[in-house]
Amino acid sequence: MDPLAPFGRNEDCWCGSGRKYKYCHGDVRPLSQPGEPLPPDPDGQLYLSPSTVADIDILTGHLPAGTPIRMPSGKPAARPVSISYLASQISELEDDTSTPSLLDVGRLRARVMTRVADNPGHQGSREGVAHLAALTFRAIGERTRQVPRPTVIWNDGTDPVQLFGQVMFLADHVLVPDKVFDCLARDRGADRLRSEAQRQLQYRELIEAGLVVPVPNNVAMALRGDAAYTLTAEDVNDPSLVEWVKSQLIFEGPTAREVLFVTARDDHEKWPQFWLHGHINRDSLDKEERTFRTMMLQPYSSDYDYGPWKNQVTDDAVSYYIQRLNERVTTADVFAAEYVTSSPFEARLLSRKKHTLSSAAQAALWADIPVLRDADVSALARAASQDEAVADLRAQVRTAMMSARSLESRIDVLSEKAHSINDSAAMLERTIRTDRTWQLVAPSGAGLAGIAIGFFGGIPGVAAGAIGAFSGLAPFLATRRSHKRDAAYLFVCARRGSHRHRK
């Protein structure tokens, strides 16, 4: 489907959920009315809306002590880029002549993540995560200086396994956020560190092969955060861009605890952001210290005019979505990668920013390639190791896309090519089964019989029988090598993996 065009209500949803668009992302709407009563709070938690409950610890850490308060400007504005201390330290490290390869870093990552998953609170585990982030950052830089330069893509928001399958092996390396490092750098706690390490281990085989590379993207912001800030400052001065983003926002609230939820149409997460209304406690004003306290999560009042606050949140949300995209694009520049997105909202925003969207990898994310999208980790890693088949696929894609220029036409071309290769894969799979029977089983049986008979003739008879057996295998092995050079063989591997995955 074309992300730049409106979606039909009865189309399958773009997110791959398997549901119709009208029942999935096309049905994003406020889940409650302003001030609607809340259920009783569970122990250690608070209801922010009738359908959203949050841990009290998370809320108390939402605005930690020392958080700067920015006065509303009455319009969207760029915000300071958030950079962790650990990320800034890694960004200042000098180049090391002994930089490991991405393959070595991938194998090391698998060992470190296993250790973190087993004991996230151990100091050695935490030091290993930081060391690994520094090695990864240097290894990416070294890899992108090679000639010819490898094809590298960067994405923040799509499942890594699904992402790697959807780009049809068109990228040498797929970069995704290192959420384990982010948990460590922002001190999210041992439990969160363990869960993120376990999540990375779910695509271990792709990591060990150097195909999927979790990267410390906050380090990129430590190096080029000023560029993302400057881009945002320019974008928020474009009235047409600002108005379009505003038109895509959906609000829920204020809730009974004065919380306002905001999302963007056709973005990945349905309700990722919320804002708390703060009341200034006038009794806390300290003229000498020039400080005051605010009260949040207060009861909703039907007599209070929340209009100015909602306008302020709208401006803040516009800034958030524009700057989030600019930070992602800037991160791609730091890693010498191409930023690809599977969010229609971001694709439309990029289009309005005059950003090129018609690359092969970007078009592949929107092409209809269910076999690769649904394949498991092992199947994708096994398929990606077939260098000749991957080269054949890339050659076929290059040829097919020569006449396609727009994103829509390239999506159509890749969908057609993927279905053609998938049909060839079904035929190839049947051929392989037939060849296995006639070229392997029958000749090998005859050869083994020759060996058995050869026993009666002594050593020369056995040797002759063995030679006969291996000569019977030769046509099968040659045919198998030929099959593995065909792009369709990649889909054969993926089909086997997707069948097991569904079971």
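The legends below describe close-up views of a predicted model.

**View 1. The chain as a whole, as context for the close-ups.** In this predicted model, the chain comprises 19 helices and eleven strands. Of its 503 residues, 45% count as buried. When contacts between residues at least 6 apart in sequence are considered, 69% of them join residues at least 24 apart.

View 2. The three strands are arranged in the order 6-7-8 as an open sheet with antiparallel pairing, and strand 6 and strand 8 (273-276) are the edge strands, each pairing on one side only. From one strand to the next, the twist averages 25°. Four bridges join strand 7 and strand 8 in the antiparallel sense, and W275 in strand 8 is the bridge partner of L260. Helix 10 packs on this sheet, where it touches strand 6 and strand 7, and its direction makes about 45° with that of strand 6. Helix 11 also packs on the sheet, touching strand 6, strand 7 and strand 8, with a direction that makes about 40° with that of strand 7.

**View 3. The buried face of helix 10 and the elements that cover it.** In helix 10 (residues 239-248), the buried residues are L241, V242, W244, V245 and Q248. Seen down the helix axis, these buried residues fall within an arc of 160°, so they line one face of helix 10. On the other side of the helix, P239 and S240 are exposed. The elements covering the buried residues of helix 10 include helix 9 (217-235), strand 6 (249-252), strand 7 (259-264), helix 11 and helix 12.

**View 4. The crossing of helix 11 and helix 12.** The axes of helix 11 (residues 307-334) and helix 12 (residues 344-352) come within 11 Å of each other and cross at roughly 80°; the two helices are therefore roughly perpendicular to each other. On the helix 11 side, the contact is made by Y321, I322, R324, L325, R328 and V329, which meet F345, E346, L349 and L350 of helix 12. Seven of the residues in this contact are nonpolar and three are charged, while no polar residue takes part.

**View 5. The surroundings of helix 12.** Helix 12 is mostly covered, with seven of its nine residues buried, namely P344, F345, E346, A347, R348, L349 and L350. These buried residues pack against helix 10, strand 7, helix 11, strand 11 (338-339) and helix 13 (360-366). After helix 12 the chain reaches K354, whose phi is positive, near 65°.

View 6. Leaving aside neighbours within four places in sequence, Q200 is in contact with R109, M113, D178, K179, V180, I207 and P214. One of these contacts, P214, is 14 residues from Q200 along the chain, and the C-alpha atoms of Q200 and P214 are separated by 8.4 Å.

Key:
Residues are numbered from 1 along each chain as its sequence is written. This is a predicted model: local features need pLDDT of at least 70, side-chain atom pairs count only at pLDDT 80 or more; totals for chains, interfaces and linings use all residues. Side-chain values use heavy atoms; hydrogens and water are left out. Axes are lines fitted to C-alpha atoms, for helices over the stretch in contact, and angles run from 0 to 180 degrees between N-to-C directions. Angles under 35 degrees count as roughly parallel, over 145 as roughly antiparallel, 65 to 115 as roughly perpendicular and the rest as oblique. Contact means heavy atoms within 4.5 Å. Ala, Val, Leu, Ile, Met, Phe, Trp, Tyr, Cys and Pro count as nonpolar, Asp, Glu, Lys and Arg as charged, and the others, Gly among them, as polar. Buried means under 20% relative accessible area, exposed over 50%, partly exposed in between (1.4 Å probe, protein chains only). The arc is that of the directions from the helix axis to the C-beta atoms. Two strands pair if DSSP finds at least two bridges between them.
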